[in-house]
Amino acid sequence: MTSSLPFVSIVIVTRDNEQDTIDCLNSLLNLDYPVDSIEIVIWDNNSTAKSKDRLRSSIDQIQPGFIKLIEHHENLGVYTSRDEVFHRTRDDAKYILSLDDDVILPPSSLRAFVAFAQEHPNVAVIGPRVMYADYPDQVQSSARFVDWRWAGRFSMRDSNIPLDCDWVIGCCMFVRRDIFIALGGFDRDFYTSQGEVDFCLRVVRSGSRVVYLPTVVIKHRVDLEGTQTCERLYYLVRNKFLMFKKNAPTLAKVSYYPFYYTLWLPRLILVQIRRQMANSRKMDLNELRIIAIAAWHALSGKTGRYDLDNNGER
């Protein structure tokens, strides 16, 4: 018997994180949603051979053909990859559920997303309440906002009822596929970091809604203080500027340029120094060098992927 529920494509981008990906898949297999109304597509960003072999082996143990694994020959970054895999979902999919590889969904989550979207056809993006997996009483992300009056300051507000907002975190986004296609997908200039902010802001400008749905609660396996790498630091600095440049009202941009270089960047440098001191680390001048490079690239208009030298990171 064919399901009357709309078809949903579930997409996961992963790289060298097979155990979390397998755990995420296991949570998807327990979803209270007809299997003939979903597809699962995994995009692998050039993981090691060992990681890919283990993931393939786990997928092979599941119903053949139920999970599609796309193995790419290079690391395209989070939002270039998501843009690729979103465009490869089935044409008859009404919605796309985009997931990080380290999230765990409760069985009722997909039905809840679909029910809310069906009841509110002007909603294009829905985000859940995201809890830290290792700290289940602490909220990692809820409704997110951008305050253009204060140079694009980010803020977060929780709620017990659905709440319209500016953006939701990208680790779990439920998206109307037709709106995604109409808006041209994710902006590949971001490569990684801030891509979901840019997309959600474009959704709101187009006249559709972005909604935080707190009745759906998921777990995210991330550190309480976040993961710090040179790559993350570079894209945080550069892409915050890029997001503002692409989305801020004209008058807000006038105040943002001096704010970015005289207040936000110096504050970020102080935060990095304090973090190193708190961890009893010697001063890592390479982190300060990365911040300087990212700031220069922000000013000069560098976008997309950038290969960080000296560390061998990408």
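## A salt-bridge tour

Start by selecting Arg-56 and Asp-53: their side chains meet in a salt bridge, with N to O at 2.5 Å. Bear in mind as you click around that this is a predicted model. Now show the cartoon for residues 49-60, which is helix H2. Both Arg-56 and Asp-53 sit in this helix, three residues apart, or about one turn.

Next stop: select Arg-82 and Asp-100. They form another salt bridge, and the closest N and O atoms are 2.3 Å apart. Colour by secondary structure here, because Arg-82 belongs to helix H3 (residues 78-87) while Asp-100 belongs to strand E4 (residues 95-100), so the pair ties together parts that are 18 residues apart in sequence. Is Arg-82 buried or exposed? It is buried, since its relative accessible area is 3% and the cut-off for buried is under 20%.

Now move to Arg-90 and Asp-92. Their side chains meet in a salt bridge as well, at 2.6 Å from N to O. Arg-90 counts as partly exposed, with 38% relative accessibility, and Asp-92 is partly exposed at 46%.

If you'd like to keep exploring, the structure holds 20 salt bridges, including the Arg-56 and Asp-53 pair where you began.

How values were computed: Residues are numbered from 1 along each chain as its sequence is written. This is a predicted model: local features need pLDDT of at least 70, side-chain atom pairs count only at pLDDT 80 or more; totals for chains, interfaces and linings use all residues. Side-chain values use heavy atoms; hydrogens and water are left out. A salt bridge is a side-chain nitrogen of Lys or Arg within 4 Å of a carboxyl oxygen of Asp or Glu. Helices (H or I, at least four residues) and strands (E, at least two) are DSSP runs, numbered from the N terminus. Buried means under 20% relative accessible area, exposed over 50%, partly exposed in between (1.4 Å probe, protein chains only).
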